Amino acid sequence: MASVQEQVLPATGSRLVLRSRLGAFTLVLLCAVQFLDIADTAIVNVALPSIQHSLGFSQQNLQWVASGYILTYGGFLLLGGRLGDLLGRRRVLLTGLAVFAASSLTAGLANSPGLLVGARLVQGIGAALMAPAALSELTTSFREGKDRNTALGAWGAISGMAAAAGVFLGGVISQGPGWQWIFFVNPPVCVLVAAGALALLAPDRASTASRAAFDSQGAVLVTGGMLLLVYSLVRAPVVGWGSLQTILTLAASAILLIAFAGNEIRSRYPLVPFAILRVKGLVAADLTQLIAFTGFFSMFFYATLYMQETLHYSPLKAGAAYLPITAGFAIAGGVASQLVTRIGTRPVVVAGCLIAGAGIYYVSRVPLHGSYVSDLLPGFLVMSLGAGSVFVSVTAAANAGVPPDKAGLAAGLLNSSQQIGSALGLAILSAVAITRTDHLAAAHVPQAVAADAGYHQALLVGGILMAGAALIALRIGNTRQAAPLVMVSTEPAQGPGAHVPGEGIPPGTTAAPGDGTLPRDGTPPGTTAPPGTAAPVS
């Protein structure tokens, strides 16, 4: 590691290449952060019965072991992403790792329901700091073109693999050493990742805006609004969409987010500069991710219920059923990252959404007492190939054209769409499943048959939503290379000769030949980028 540490990327315009040891180690490090965040969303679900029996959770409060993490993860993502831009991505990543490790240890040692839920809430905050910092570090560290697309391909593949692996690991650990170890495994991994970050990642300089002022009012408004939004979506299936609680919390969330928008327009140093929304295709990419996760998450949730409640699989067997999905995501990630370079992000996202939707639809057609090999596995594999392609290409599309000093914000927006999509999918599809089950139960259909029909109905709607994301994906910029776009500055004008935040080279100058740096378009100093590679292609 010492030899690698000597090659730490300087805080300038330099770019990593994957063929170097430093590039490979950095990619593994950042993907490990994403694996931790995503796996911890899924790993708890299989262990919930064991946790309920051990700590005496009521059925109503048990959901907060899983939902508490999602609540603060989704609620703090925008703030976490922007803090990485303002305070330094490595610093925020290390802070998130420390919070995540400490809260994981607390969760494993918890001897009461309240302490475990509190630890999960804090754990979500740690994840919200880690995820956007790691993704923005990735997008600003690797050279544009094939290297960055391959790195984003690995990141996107890890997201799907972690979701599947989390379910499997949850079953293995809860039936083995005990549910406490789903939390105890996190601190040692966090320590290793933190050591790697200190060795491989160069310290960031805080931006001029962060030294001058911090939009604390905007931070409070957006975090409060996002927390209430995710809380409303998590609680809606329990209390009902038409309940007073759901209506009031959604209304309060809307009021806070509208107030946040007004604050950002007036603020000299906005927490979320709205100029970023003018990056071509960014909004469409984030919306595609949101709708895709609405359908994707439903498959894991309801397919697991089907296997455990209808087919009577043990937690371990149900978790193992998802292992082939990890291979599908790995294959899709490798293929999609190369296709993005050749044909652009838009056709890959559209095709991926349609393929994933077809896979989920196939699963929704499984008979009451179906077979894993003939009824579930084909749909799982098709879904993983499609969804893996989507997550790789939509990540590339959502980060293309984003200036380096806004990369954390772009990562926060993308990760927020993922978390809100998951919560929204569970809320909507739970209502679909319950409505179908209650309707059949009222017609005196056996309970097992009615419940199974509810699972299938939810999966059907999930498949439709995943395929429907393809329509939004048509508005994504067809990015072949993650090159920067010219954006209107949202910060006060600098004095003559001042450095542009995040650039490391004074405006009006170019990198000297032989200084080891590459311009932002990925071409060697003194050369011109080929036509069509300097910006996203429409």
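The largest nonpolar core in this predicted model has 137 residues, and the members that touch the most others are Leu116, Phe296, Met307, Tyr322 and Phe380. Helix α2 (residues 21-55) supplies the largest share of this core, with 17 residues. The chain as a whole has 538 residues, of which 56% are buried. Its secondary structure consists of 18 helices and zero strands.

**Core and contacts**

- Phenylalanine 296 is among the core members that touch the most others.
- Setting aside residues up to four places away in sequence, phenylalanine 296 touches Ala163, Phe329, Ile360, Met383, Ala387, Phe391 and Met466.

**Aromatic rings**

- The structure contains seven aromatic pairs.
- In one of them, tyrosine 372 and phenylalanine 380 have ring centres 6.4 Å apart and planes at 65°, so this pair is edge-to-face; the cut-off for that label is an angle over 60 degrees.
- Tyrosine 372 and phenylalanine 380 are both buried, and phenylalanine 380 is also one of the core residues that touch the most other members.
- Phe293, Phe329 and Phe391 make up one aromatic cluster; Phe329 and Phe391 are also among the residues touched by phenylalanine 296.
- A charge meets a ring at tyrosine 313: the charged end of lysine 317 sits over this ring, 4.4 Å from its centre.

**Helix α8**

- Helix α8 covers residues 186-200, which is 15 residues.
- At 1.5 Å a residue, helix α8 should span 21 Å, and its end C-alpha atoms are 21 Å apart, so the two values agree. The expected span uses one less than the number of residues.
- The buried residues of α8 are Asn186, Pro187, Cys190, Val193, Ala194, Gly196, Ala197, Ala199 and Leu200.

**Valine 382**

- Valine 382 lies in helix α16 (residues 372-399).
- Its relative accessibility is 34%, so valine 382 counts as partly exposed; that class lies between the 20% and 50% limits.
- In sequence, valine 382 and alanine 356 are 26 residues apart, while their C-alpha atoms are 6.3 Å apart in space.
- Apart from neighbours within four places in sequence, valine 382 is in contact with Ile355, Ala356 and Gly359.

**Cysteines**

- The count of disulfides is zero.
- Cysteine 31 has 8% relative accessibility and therefore counts as buried.
- Cysteine 353 has a relative accessible area of 0%, so cysteine 353 is buried as well. The limit for buried is under 20%.

**Two histidines with positive phi**

- Histidine 312 has a phi near 60°, a positive value in a residue other than glycine.
- The loop between α12 (282-310) and α13 (315-320) holds histidine 312.
- With a relative accessible area of 63%, histidine 312 is exposed.
- Histidine 444 also has a positive phi, near 65°, and is likewise a residue other than glycine.
- Histidine 444 is in the loop between α17 (407-442) and α18 (447-473).
- Histidine 444 has 73% relative accessibility, so histidine 444 counts as exposed; the limit for exposed is over 50%.

Key. Residues numbered from 1 in each chain as written. Predicted model: local features only at pLDDT ≥ 70, side-chain atom pairs only at ≥ 80, totals over all residues. Heavy atoms only, no water. Helix = DSSP H or I, 4+ residues; strand = E, 2+ residues; numbered from the N terminus. Buried < 20%, exposed > 50% of the residue type's maximum accessible area, 1.4 Å probe, protein only. Phe/Tyr/Trp six-rings, centres within 6.5 Å; stacked < 30°, edge-to-face > 60°. Lys NZ or Arg CZ within 6 Å of the ring centre and 35° of its normal. Core = buried A, V, L, I, M, F, W, Y, C linked by side-chain atoms within 4.5 Å. Contact = heavy atoms within 4.5 Å. Disulfide = S-S within 2.5 Å.
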